[in-house]
Amino acid sequence: SLSSPFAPHQVTMHASLASHGTHHRIVCAAVPTPPSPPVSLGRHASYRRRLFRGVSGGRAATRASTVCASIQLELSELTALGPLDGRYASKTASLRPFFSEYGLIRYRIAVECRWLQHLSTIPGVVEVPGFSAEASAILDGLASSFSVEDAAKVKEVERVTNHDVKAVEYVLKDKIKGCEELERVLEFVHFACTSEDINNLSHGMMLKEGVKEMLTEMDRVIEEISRLAVELADVPMLSRTHGQTASPTTLGKEMAVFAYRLARQRNQIADWQPLGKMAGAVSNYNAHSCAYPDVDWQTEAEKFVTSLGVAWNPYVTQIEPHDCIAELFDAVARFNTILLDFDRDVWGYISLGYFKQKVVANEVGSSAMPHKVNPIDFENSEANLGIANATMAHLAVKLPVSRWQRDLSDSSALRNMGVGLGHSLLAYQSALRGIGKLLVNEAAIAADLDSSWEVLAEAIQTVMRRHGVEEPYEKLKAFTRGNAVNKESMQAFVDGVEGLPDDARAQLRQLSPATYIGNAAAQAKDINNKIAELYAGKRM
């Protein structure tokens with residue numbers, strides 16, 4: 001309900017949403033409230049009249065009691081609220097099995113099935129004897145092949161229970177009916193569990209599998225940047241520190257810097273392990289111990305958690321505190337930050353003319369300027385990295401904080417795990433498209449170098465120092481700073497240095513911005529070996 005600041009003239013907006021399957025009917029109505037009887041409007045009179053006419057559409061509109069609009073929209077890439085499921089749905093589809101609502105339900109079912117199977121292996125739980133091959137096969141099938149249609153039944157039950165995990169329990173019980181052996185232990189489904197016993201393990205498994213998908217794209221990014229490093233290893237390039245000309249490098253070596261930085265973060269992400277618990281309402285095994293006091297439940301919980309590929313956390317509240325998820329998102333965010341740095345640098349090199357971009361015949365760079373070939377892939381990557389990092393930064397600082405033994409604020413937050421990772425995936429794909437369009441412009445790079453002979457001042461003053469020439473830095477500063485320097489003037493300076501041995505003078509006369517690159521080329525060519533050593537654990 002929106003009101004003007006003046007009570008006599010109000011406009012009330014009503015909106016209703018009716019859901020019918022996948023159809024959504026949205027009805028909006030604007031109902032202007034008639035003006036009150038004449039009062040002294042004072043200096044606000046004309047403003048009020050303009051406000052009322054502007055909102056209600058003038059006098060004719062004031063006689064209409066309702067304005068209605070009705071739109072029916074099926075959920076699709078065109079009507080989805082967010083771009084991950086809309087415009088970019090095809091690009092993020094690989095993450096849906098893990099981070100969708102269906103994915104969460106599927107993992108919950110798997111945890112419930114595996115817990116029932118584990119109970120059957122505990123000698124002290126005599127009411128759940130070891131399962132036959134037939135009963136085990138039914139549970140295995142549910143754990144591995146729970147369908148989207150099955151998940152839809154869970155959502156139907158949830159509309160009644162208003163509790164998502166309880167709905168999973170009820171549907172699972174219904175699914176195992178018909179097997180007499182399993183029916184006898186029906187009430188051991190979700191035995192001694194709190195919802196978070198199921199959720200934390202589901203989230204851990206989701207992330208562990210989803211991270212594998214992320215690593216595939218991360219590896220592609222690292223491989224492509226490493227390829228650039230090797231291919232461009234011998235292309236000399238003017239460096240810029242503080243935006244000013246600086247000692248030369250090679251284009252390949254600068255690519256190698258990014259490849260190695262990204263590989264370090266990728267290594268940490270690959271080594272990440274989720275933590276989990278299966279310890280009951282406040283994680284003291286209260287209910288477990290009450291029902292079966294002779295069972296070592298802590299040992300059984302550790303065995304069960306680790307059997308799912310999740311590391312066991314022995315000290316928890318009702319929830320696993322999510323520190324491990326924060327660690328993962330922080331590591332992914334660091335990878336993203338480095339890639340964002342790469343995106344901006346390459347964008348800058350394109351702006352300088354160091355890179356050209358392959359022209360795609362039917363693509364349009366600008367709706368107004370036909371000549372444009374914009375670096376949109378790197379810009380799109382940058383934008384998605386920003387959104388991804390903002391989301392993951394919030395989750396990383398929010399999830400480890402929960403009031404006392406547990407509050408529910410983590411629940412809604414955890415449903416957004418796929419948002420940060422989804423935008424990360426989009427960014428990696430955009431960067432890869434951009435890299436694939438790059439064409440080095442060696443002529444432009446060479447011209448830039450040849451116009452910057454002042455960068456040899458560092459080399460010359462260093463050689464002068466070696467040979468005992470007085471005040472070498474100061475002499476080069478006076479000669480180069482604020483002055484135009486070219487090949488001829490620089491060689492004339494070298495010729496005029498007193499006390500410099502002839503061989504040193506000859507060496508400096510042969511030096512040029514294009515050859516003053518140190519071991520940059522060798523570093524670039526060695527990038528794949530250095531990354532292999534990193535992955536083998538020989539370097540940090």
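1. The model is a predicted one, and its chain comprises 24 helices and nine strands. Of the 540 residues, 46% count as buried, while the accessible surface comes to about 28,000 Å², with 53% of that belonging to carbon and sulfur atoms. Among contacts between residues at least 6 apart in sequence, 75% join residues at least 24 apart.

2. L500 sits in the loop between helix 21 (487-496) and helix 22 (502-510), and with a relative accessible area of 6% L500 is buried, because buried is taken as under 20%. Beyond its neighbours within four places in sequence, L500 makes contact with V463, M464, H467, V469, R505 and L508. The C-alpha atoms of L500 and G468 are 8.4 Å apart, although the two residues are separated by 32 residues along the chain.

3. Two residues other than glycine deserve a look for their positive phi values, which are near 60° for A192 and near 70° for H322. A192 belongs to the loop between helix 9 (180-183) and helix 10 (195-231), whereas H322 is found in the loop between strand 7 (311-312) and helix 14 (323-352). H322 is also buried, its relative accessible area being 2%.

4. A search of the whole structure returns 30 salt bridges. One of them pairs E180 with R184, their closest N and O atoms lying 3.6 Å apart; E180 is exposed at 58% relative accessible area, and R184 is likewise exposed, at 60%.

5. Which residue forms a salt bridge with E196? The partner is R406, and the closest N and O atoms of this pair are 3.5 Å apart. E196 lies in helix 10 and R406 in the loop between helix 15 (376-398) and helix 16 (409-414), so the pair ties together parts that are 210 residues apart in sequence. E196 counts as buried at 2% relative accessibility, whereas R406 is partly exposed, with a relative accessible area of 22%.

6. D407 forms a salt bridge with R403, in which the closest N and O atoms are 3.0 Å apart. D407 counts as buried at 13% relative accessibility, but R403 is exposed, with a relative accessible area of 60%. Elsewhere in the list, salt bridges that share partners join E101, R108, K155, E158, D164 and R415 into one network.

Methods: Residues are numbered from 1 along each chain as its sequence is written. This is a predicted model: local features need pLDDT of at least 70, side-chain atom pairs count only at pLDDT 80 or more; totals for chains, interfaces and linings use all residues. Side-chain values use heavy atoms; hydrogens and water are left out. Helices (H or I, at least four residues) and strands (E, at least two) are DSSP runs, numbered from the N terminus. Buried means under 20% relative accessible area, exposed over 50%, partly exposed in between (1.4 Å probe, protein chains only). Contact means heavy atoms within 4.5 Å. Accessible areas come from the Shrake-Rupley method with a 1.4 Å probe; for residues, only the protein chains shown count as cover. A salt bridge is a side-chain nitrogen of Lys or Arg within 4 Å of a carboxyl oxygen of Asp or Glu.
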